[in-house]
Amino acid sequence: MIILAIALATVASFLASAVLYALPPVSALITRTSTARPGLPVVAQMASVVVRSLIVSCLVAGLMAAAGWHGAGTGALLGLALCALPLVLLMGGVVHENTAPSAAGIHLLDWILKLTIIGAIIGSFV
């Protein structure tokens, strides 16, 4: 069952991210403030999003199983707690790499959504 949970969480996370970045105001902001990596096909970029979601889904499943935690609510709270990690990384990007704070905010929102969704789905199965 945990493999099914990880697969569902990975797909749901990817879809949530796709919906967020497809919103016209979000898309416009990211287009204005970010530069796409030259030479990297869109397919490779999307595959990267799936792989990152898969890695995080496995992490959340492992943490929940190791701690003996159960339930969608507990999983969602774990996901929210884990949002501290992308927050710290994105803050570093703003401070040290001149990442636009608005773009970093969108990326943080993306991770808040992804981690909460992943946690809730994994928690429903654990």
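**Close-up views of a predicted helical model**

**View 1. Asp110 is found in helix H6, where helices (H or I, at least four residues) and strands (E, at least two) are DSSP runs numbered from the N terminus.** The structure is a predicted model, in which local features need pLDDT of at least 70 and side-chain atom pairs count only at pLDDT 80 or more, whereas totals for chains, interfaces and linings use all residues. Residues are numbered from 1 along each chain as its sequence is written, and side-chain values use heavy atoms, with hydrogens and water left out. At 4% relative accessibility, Asp110 counts as buried, a class that means under 20% relative accessible area, with exposed meaning over 50% and partly exposed lying in between (1.4 Å probe, protein chains only). Leaving aside residues up to four places away in sequence, Asp110 touches Ser17, Leu20 and Tyr21, contact being defined as heavy atoms within 4.5 Å.

**View 2. A salt bridge joins the side chains of Lys114 and Asp110, at 3.3 Å from N to O.** The term requires a side-chain nitrogen of Lys or Arg within 4 Å of a carboxyl oxygen of Asp or Glu, and a search of the whole structure finds 1 such salt bridge. Both Lys114 and Asp110 belong to helix H6 (residues 101–125), in which they are 4 residues apart, about one turn of the helix. Lys114 is buried, with a relative accessible area of 1%.

**View 3. Ser13, found in helix H1, is buried at a relative accessible area of 0%.** With residues up to four places away in sequence not counted, Ser13 touches Ser53, Lys114, Ile117 and Ile118. Lys114, one of these contacts of Ser13, is also the residue whose side chain meets that of Asp110 in the salt bridge.

View 4. Cys58 is in no disulfide, and the nearest cysteine sulfur, that of Cys83, lies 18 Å away; a disulfide is counted as a pair of cysteine sulfur atoms within 2.5 Å. Seen from the other residue, the sulfur of Cys83 is too far for a bond, because the closest cysteine sulfur, in Cys58, is 18 Å from it. As for accessibility, Cys58 is partly exposed, with a relative accessible area of 39%, whereas Cys83 is buried, with a relative accessible area of 7%.

**View 5. Met1, Leu4 and Leu8 make a nonpolar surface patch of about 320 Å².** Patches are made of residues with over 30% relative accessible area and no salt bridge, like charges being joined within 9 Å and nonpolar side chains (Val, Leu, Ile, Met, Phe, Trp, Tyr) within 5 Å. The accessible areas come from the Shrake-Rupley method with a 1.4 Å probe, and for residues only the protein chains shown count as cover. Leu4 lies in helix H1 (residues 2–22) and is partly exposed, with a relative accessible area of 42%.

**View 6. Ser27 is found in helix H2 (residues 24–33).** At 29% relative accessibility, Ser27 counts as partly exposed. The C-alpha atom of Ser27 is separated by 27 Å from that of Ile121, the two residues being 94 residues apart along the chain. The mean pLDDT of the protein is 96, and 100% of its residues reach 70 or more.

Definitions and conventions
pLDDT is the predictor's confidence in each residue, from 0 to 100.
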